[in-house]
Amino acid sequence: MDNKNIIACMQYLGTWVSNQSFNHFVQARIFAAQGFTKLEEKYAGHSVEELDFAKSCFDRILDLGGEIKHEERPCMELFDDIEAFYANEIKLAEAGLSEVLAKMPELACDLTTYDMVKEWYKDEEEDCVWTATQLELIKKIGRENYLSQQM
């Protein structure tokens, strides 16, 4: 079995998710500085979960006999405004999920990798739903009421 495509997919995912992890780590610091403790805790925890998944991607590359690369990561935007942050989160997640979904047929020949990525995909979908729900909540109860609940 040629693992080249699977290794390339796992490298892409590992790099992308580790970049997201660091972005969420820094964003959590911004929320903490703003006094939004619940948001800080949510995104600090999310950062750790993402880094754990990136580790799994890199471990899988090694399991398949590949070589991990430390690839360049694009600069990601940070936000002081929660609504802009949530909107950007949804945009990034939808783009990433679309790319991963397109790669799933390539992963189908390796059930271990396929199942691992499928579980991550489901988790990301749930994150998108949660984020969209937060935007709806802001609309319903108002920005100030929402932010006061995040302290």
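Predicted model: local features only at pLDDT ≥ 70, side-chain atom pairs only at ≥ 80, totals over all residues.
**Figure 1. Overall arrangement of the chain.** The secondary structure comprises five helices and zero strands, and along the sequence the elements follow the pattern α-α-α-α-α. Taken along the principal axes, the C-alpha atoms fill a box of roughly 55 × 25 × 20 Å. Of the 151 residues in the chain, 43% are buried. When contacts between residues at least 6 apart in sequence are considered, 80% of them join residues at least 24 apart.

**Figure 2. Packing of helix α1 against helix α3.** The axes of α1 and α3 come within 11 Å and cross at roughly 170 degrees. The two helices are therefore roughly antiparallel to each other, an angle over 145 degrees being counted in that class. The crossing in which α1 passes α3 is left-handed. On the α1 side, the contact is made by Asn5, Ile6, Cys9, Tyr12, Leu13, Trp16, Gln20, His24, Gln27 and Phe31. Helix α3 contributes Ile82, Phe85, Glu89, Leu92, Gly96, Glu99, Val100, Lys103, Glu106 and Leu107. Two of these contact residues, Tyr12 and Lys103, also form a charge–ring arrangement: Lys103 lies over the face of Tyr12, at 5.2 Å from the ring centre.

Figure 3. Helix α2 (residues 37-63) packs with α1 at an angle of about 160 degrees, and their axes are 8 Å apart. Helices α1 and α2 are therefore roughly antiparallel to each other, and α1 passes α2 in a left-handed crossing. Helix α4 (residues 111-141) and α1 have axes that come within 12 Å and cross at roughly 30 degrees. Angles under 35 degrees count as roughly parallel, and α1 and α4 are therefore placed in that class. The crossing of α1 past α4 is left-handed. Where these two helices meet, α1 presents Ile6, Met10, Leu13, Trp16 and Val17, and α4 presents Thr113, Met116, Val117 and Trp120.

**Figure 4. Surroundings of Trp16.** Trp16 lies in helix α1. Apart from its neighbours within four places in sequence, Trp16 is in contact with Leu92, Gly96 and Trp120. Leu92 and Gly96 belong to the α3 side of the α1–α3 contact, whereas Trp120 belongs to the α4 side of the α1–α4 contact. Between Trp16 and Phe79, which are 63 residues apart in sequence, the C-alpha to C-alpha distance is 19 Å.

Figure 5. Across the whole structure, 10 aromatic pairs are found. In one of them, Phe31 and Phe85 are arranged edge-to-face, with 5.3 Å centre to centre and 80 degrees between the planes. This pair links distant parts of the chain, as Phe31 is in helix α1 (residues 4-33) and Phe85 is in helix α3 (residues 82-107), 54 residues apart. Phe31 is buried, with a relative accessible area of 1%, and Phe85 likewise counts as buried at 1% relative accessibility. Ring pairs connect Phe31 and Phe85 with Tyr43, Phe79, Tyr86, Trp130 and Tyr146 in a cluster. The ring of Trp130 also has the charged end of Lys42 over it, 4.2 Å from the ring centre.

Figure 6. Residues up to four places away in sequence aside, Glu124 touches His46, Glu50, Ala93 and Leu97. Glu124 and Glu144 are 20 residues apart along the chain, and their C-alpha atoms are separated by 27 Å.

Figure 7. Leu135 and Asn19 are 116 residues apart in sequence, and the separation in space is 24 Å, C-alpha to C-alpha.

Terms used
Residues numbered from 1 in each chain as written. Heavy atoms only, no water. Phe/Tyr/Trp six-rings, centres within 6.5 Å; stacked < 30°, edge-to-face > 60°. Helix = DSSP H or I, 4+ residues; strand = E, 2+ residues; numbered from the N terminus. Buried < 20%, exposed > 50% of the residue type's maximum accessible area, 1.4 Å probe, protein only. Lys NZ or Arg CZ within 6 Å of the ring centre and 35° of its normal. Axes fitted to C-alpha atoms, helices over the stretch in contact; angles between N-to-C directions. Parallel < 35°, antiparallel > 145°, perpendicular 65-115°, else oblique. Left-handed = near helix turned anticlockwise from the far one by under 90°. Contact = heavy atoms within 4.5 Å.
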